[in-house]
Amino acid sequence: MPAFAGVTVMVCGMTAGVAAACRAFGPGVLVAALALLAVGAPAAVRHHRPLARRRLGHYTPEELAELDTDGLVLAVSRMLRRDGWVVLPQYTGQDRPRVRARNGQGHRVEVAFRPVAEPLPDEEPTRPARQTGTSLRLVVHRGTFTRRDIQWARRQDNTHLIDGPRLRSWAHGTPLHQLTDTP
């Protein structure tokens, strides 16, 4: 509501300013204001379009390449929301970033970010005591996984590797269930 009020005040102020300028300088000011609006509005929309597109969970390959780990966590959270998942709050005090989400059908997903898929010695998959629905574990990496990573993921239950090409496809708009063959 405050944003709507701010926009309303701004539009009313601009209209009053143009009306006062028309009285003082003639109708040429109105023509100049309309020309400025015709040029400025599309430029403003183009300027904010990438930001709005990213907020909706769509990224270009160049944008993905520029992201640091925290940016990649945010991007994956937005892509999960785009695909209908509810992203759960992160645990505080975590050393490695993770994204956890669930959907309305009882499925859960945990996303880990690292250069290799195989867990570190102190990091085995956590299995909550009470769990409903299917649990999916994703490991996201912008590059490619080694053969050892792929073999490790095959031995795990519901662990899928999202490498660079799959990540770019997901960021472009392909739903997660098409990338992982899960519901």
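1. Before anything else, a term: two strands pair if DSSP finds at least two bridges between them. With that in hand, and bearing in mind that this is a predicted model, look at E2 (residues 98-102) and E3 (residues 108-113): five bridges join these strands, and they run antiparallel. In that pairing, Arg98 sits opposite Ala112 of E3.

2. Now the whole sheet. It is open, has five strands in the order E1-E2-E3-E4-E5, and its pairing is mixed. E1 (86-87) and E5 (159-162) are the edge strands; each has a single partner strand, so one side of each has no neighbour in the sheet.

3. Back to Arg98, which also takes part in a salt bridge with Glu110, where the closest N and O atoms are 3.1 Å apart. Because Glu110 belongs to strand E3 and Arg98 to strand E2, the pair ties together parts twelve residues apart in sequence. Are these two buried or exposed? Glu110 is buried, with a relative accessible area of 17%, and Arg98 counts as buried too, at 13%.

4. Elsewhere, salt bridges with shared partners link Arg53, Arg54 and Glu63 into one network. For the Glu63 and Arg54 pair, the closest N and O atoms are 2.9 Å apart. Glu63 has 14% relative accessibility and counts as buried because the cut-off is under 20%. Arg54, at 23%, counts as partly exposed.

5. The structure holds four salt bridges, and one of them joins Arg82 to Asp83, with 3.2 Å between the closest N and O atoms. Arg82 is partly exposed at 22% relative accessibility, and Asp83 is partly exposed as well, at 23%.

6. On to the helices. After H1 comes Gly26, with a positive phi near 100°.

7. Leu30 lies in helix H2 (residues 28-55) and is partly exposed, with a relative accessible area of 41%. Together with Leu34 and Leu37, Leu30 forms a nonpolar patch on the surface, about 290 Å² of accessible area in total.

8. Last, Ser77 in helix H4 (residues 69-82). Ser77 is buried, at 8% relative accessibility. Which residues does Ser77 touch, leaving aside those up to four places away in sequence? Val87 and Val99.

Notes: Residues numbered from 1 in each chain as written. Predicted model: local features only at pLDDT ≥ 70, side-chain atom pairs only at ≥ 80, totals over all residues. Heavy atoms only, no water. Helix = DSSP H or I, 4+ residues; strand = E, 2+ residues; numbered from the N terminus. Buried < 20%, exposed > 50% of the residue type's maximum accessible area, 1.4 Å probe, protein only. Contact = heavy atoms within 4.5 Å. Patch = residues over 30% accessible without salt bridge, like charges linked within 9 Å, V, L, I, M, F, W, Y side chains within 5 Å. Areas by Shrake-Rupley, 256 points an atom, 1.4 Å probe, with all protein chains shown as cover. Salt bridge = Lys/Arg side-chain N within 4 Å of Asp/Glu carboxyl O.
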